[in-house]
Amino acid sequence: TGALAVLWVVGIGPILLAVLSPRSYAVTFTNDQVAASSVDTVVGQFVTFSAWAVCLAVVLVELGRHERRSGRFLIVTAVLFYAAPIVSGLLGDNGGFSRNLFIAPAVLLALYMAPRPSVEQVLNSARRVLRFYTWGSLIALAVASTWATYRILMSDGTYLTRNYFGLPQIIGVVPYPDGLGGIAAGALVLEVASIGRKRGWQFHAGAAASVVILAESRTGLIAALIGLLFLSAKLRRRGVKSSVRSRFGVVALLGLLTLLIAFVQQYAPAMLSLDSQLGTVNGRTVVWQYAFDEFRHNPILGYGPTIFSPAYRALKLGPGQAWIGQAHNQMLQSMSESGILGLLGLAFLVGALLLCASRTRVVTLGASTAFLAVLFIRMSTDSLLDNRAVDSEFLVVPIIILLFLSGWSDPQNRTEVPDVPVLTSISLALSRPGGQGPRRAIPHWLFQRQVAGYDRSAKHEAASLSVLSSDQPASAHTLGRTR
C-alpha cells in the first residue's frame, strides 16, 4: 500500500546517506563549519525528492476516494506540533523558514490518506526496514571496522575512539552511536512482539540485541529493557493496577536493580573520576543550558529553526562544538526553536500518543505501547521529532504513527452499541432474583466488551446472549441463572 511505501522510502533513505557520505565524525574544526561533499548533497537531494514524490503520489491517488478514516485527531495534533517551527521561521526575528519544514507534514498527510494496512503488515514492514540498520551495522563492522566505528577527529589529525566495555563503539549505518542504539532497541522490541512473528525471529532479535550492546548507548539499553517489559501480557490487560503487583513485575524489578548495582560497583570509580563526563552527561548539559537560554530570550516563538546552525553555534559557544546539532532533549529542542508554541504542541502530541497507546495496546499485543516507551526514553537524550530532513532520527515517526493508525482501525478494536431492547434485557439478566436490583455496577468499558463479544474467553456471555435472542420469553431469574 501507499502507507508502507512511505515507510520504506523514509527508512531506507538514511542508509544511503550514511553509506555514500564521508564518515569522519569531527568535533574540532578550524572554522567550525563542515562543507558538505558533492556526493552527500546529491544523495541528500535524491532522498528528499523521493520522499516528496511518494507522499505526493499517495495523496493525489487517495484524494478521489471518499472513505471514513480513523485517527484524525492524532494527525491533527502531530501537524500542529510540526507547524510550530514553521510559524517561528515565518514570524520570528531570526528566520529559518525552508521547504524542509514541510517534510513531516507531508509524510503524516500521506499516512493518513493511504488505506490502512493491517497491524501485522505494519510490524513486518517495520521489522524489515530496521533489519537494514541492525544487520547492516554488523556487516559493516565485520567488513570495514574502521568505517563502522565511532571516531572523533582531533585537532592534530588523529582519531580518538570510545571504549567503555573493552569493545569498539560502533555507529554502523547511523551517524552517531546513541542513534544506532536507539534504533536497535526499537528493532529488538518489534522482533520480540508476537504479532506476525515468523520462524527464525530469534536470529533477528539477537542481531538487534548485539547492536544495542555494541553501540554502548546507555539510553538504548534502558529503552530496550523497558520496551521488552511493556510486551508482557500482564500490561496488556485492561486493569494495569493488578499487573504492578504481579510476580512478573517483581522479578523484573529485582533483575533491573541487580544489574544496576553490578554496573555501579564496576564502573562507578571510573565515572566519578576527575576526567569523567558523568557530571555533564557526556557534554549534554552544555547543550541543555544553551537551549534553555535561547528559550528565555525568546519565550513565545523561540529562536527559530536555525538555532543549531554552525554559524550561530560558533558565535554563542565558540569553536570546537560541531557535534552540537540538536538540543539532545526533545522538550528543550521544541522550547528553544519554537518557544511556548512548540512546548504546547509537544504536550498535545504526547497526550495523543498516550491515548492511542492505551487504545491499541490490546489489539497490537503490547507492540505499540512498547515501541512508544522506547521513543519516550530516547526523547530524553535526543530530538527524535525534529523536522529537518529524512534521516535516521525521523524514522521512528512514520513507524509509530502508522502503527497507531492501523491498530485504531483494526476490526478487533471496534465495539458496537447495541439496541435499547438488548440493553434492557441484559440489565434484567444482571438483576437479582425477585427484583432486588442489580448485583453490582458494571463499568462501561466492560459492558461494551461483553456486548460486542470482544472477550471471546467469556463463554457464559455467549450463552446469555443466545437466551436473549431466542423466540421464547425468558424471566429475569432464568437469565440470571444462565449467567
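Which residues form a nonpolar patch on the surface? Trp52, Leu90, Leu91, Phe97 and Phe102 do, with about 490 Å² of accessible area together. A quick note on the source: this is a predicted model, where local features need pLDDT of at least 70, side-chain atom pairs count only at pLDDT 80 or more, and totals for chains, interfaces and linings use all residues. Residues are numbered from 1 along each chain as its sequence is written, and side-chain values use heavy atoms, with hydrogens and water left out.

Nonpolar side chains (Val, Leu, Ile, Met, Phe, Trp, Tyr) are joined within 5 Å, like charges within 9 Å. Areas are Shrake-Rupley, with a 1.4 Å probe, and for residues only the protein chains shown count as cover.

Take Phe97. It sits in the loop between helix 3 (72-91) and helix 4 (103-113). Helices here are DSSP runs of H or I, at least four residues, numbered from the N terminus. Why is Phe97 partly exposed? Because its relative accessibility is 41%, and partly exposed lies between buried, under 20%, and exposed, over 50%.

Next, ring pairs. Centres must lie within 6.5 Å; planes under 30 degrees apart are stacked, over 60 edge-to-face, the rest tilted, and Trp counts by its six-membered ring. The count is six aromatic pairs. One of them is Phe81 with Tyr82, edge-to-face, 4.9 Å centre to centre and 75° between the planes. Phe81 and Tyr82 are both buried.

Technical notes
Patches are made of residues with over 30% relative accessible area and no salt bridge: like charges are joined within 9 Å, nonpolar side chains (Val, Leu, Ile, Met, Phe, Trp, Tyr) within 5 Å. A salt bridge is a side-chain nitrogen of Lys or Arg within 4 Å of a carboxyl oxygen of Asp or Glu. Helices (H or I, at least four residues) and strands (E, at least two) are DSSP runs, numbered from the N terminus. Buried means under 20% relative accessible area, exposed over 50%, partly exposed in between (1.4 Å probe, protein chains only).
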